[in-house]
Amino acid sequence: RFRAEPLGSAPVAPLANLRQAQLYRSVGQPQQAATILAECRAKHEAALLKDAARAAWVPLIRYHHAAALKELKQAAEAAKILESIVKEYGGSEWAAPSQRLLKEVKP
């Protein structure tokens, strides 16, 4: 419901999309998760970056997008996302997990 209007533009829509994607990954459906997170990033990431209260969600969503892509064996695309987290959010709590996952997708 948070992918379409009216809830699609709700302030919590990115987190609702993330949760739905996590549920898909937990039941072995990473393709749906990757699709949801790609759409979420395209629709919400620019606005999140401009919002100080929600900007910290960006590396979180990117990390889970990369993890879904890793499960789909799309290592190159996952590596690009993980590298962006390490580069742009080196001081965030998602930098270290991103570095670890990056070592798995880019040996």
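A: This is a predicted model. Start with the length of helix H1, residues 13-26. It has 14 residues, and at 1.5 Å a residue these should span 20 Å.

Next, the buried side of H1. Ala13, Pro14, Asn17, Leu18 and Ala21 are buried in this helix. Viewed down the axis of H1, the buried residues fall within an arc of 140°, so they line one face of the helix. What do they pack against? The partners of these buried residues are helix H2 (30-50) and helix H3 (57-71). Just after H1, Gly28 has a positive phi of about 75°.

Setting aside neighbours within four places in sequence, Asn17 is in contact with Phe2, Arg3, Ile36, Leu37, Cys40 and His44.

Now the wider setting. In soluble globular proteins, nonpolar side chains tend to be buried together. Here, the largest nonpolar core has 27 residues. Ile61, Tyr63, Leu82, Ile85 and Val105 are the members with the most contacts inside this core. H1 takes part: H1, H2, H3, H4 and H5 each supply at least two residues of the core. The largest share, nine residues, comes from H3.

Leaving out residues up to four places away in sequence, Ile85 touches Pro59, Arg62, Tyr63, Gly90, Trp94 and Ser98. Tyr63 and Trp94 are both among these contacts of Ile85.

How many aromatic pairs does a search of the whole structure find? The search finds one. Tyr63 and Trp94 form this pair, which is tilted, at 5.1 Å centre to centre with 40° between the planes. The pair links distant parts of the chain, 31 residues apart. Tyr63 belongs to helix H3, while Trp94 lies in the loop between helix H4 (75-88) and helix H5 (95-105).

Are the two partners buried or exposed? Tyr63 has a relative accessible area of 16%, which makes it buried under the 20% cut-off. Trp94, at 19% relative accessibility, also counts as buried.

Methods:
Residues numbered from 1 in each chain as written. Predicted model: local features only at pLDDT ≥ 70, side-chain atom pairs only at ≥ 80, totals over all residues. Heavy atoms only, no water. Helix = DSSP H or I, 4+ residues; strand = E, 2+ residues; numbered from the N terminus. Expected span 1.5 Å × (residues − 1). Buried < 20%, exposed > 50% of the residue type's maximum accessible area, 1.4 Å probe, protein only. Arc of directions from axis to C-beta. Contact = heavy atoms within 4.5 Å. Phe/Tyr/Trp six-rings, centres within 6.5 Å; stacked < 30°, edge-to-face > 60°. Core = buried A, V, L, I, M, F, W, Y, C linked by side-chain atoms within 4.5 Å.
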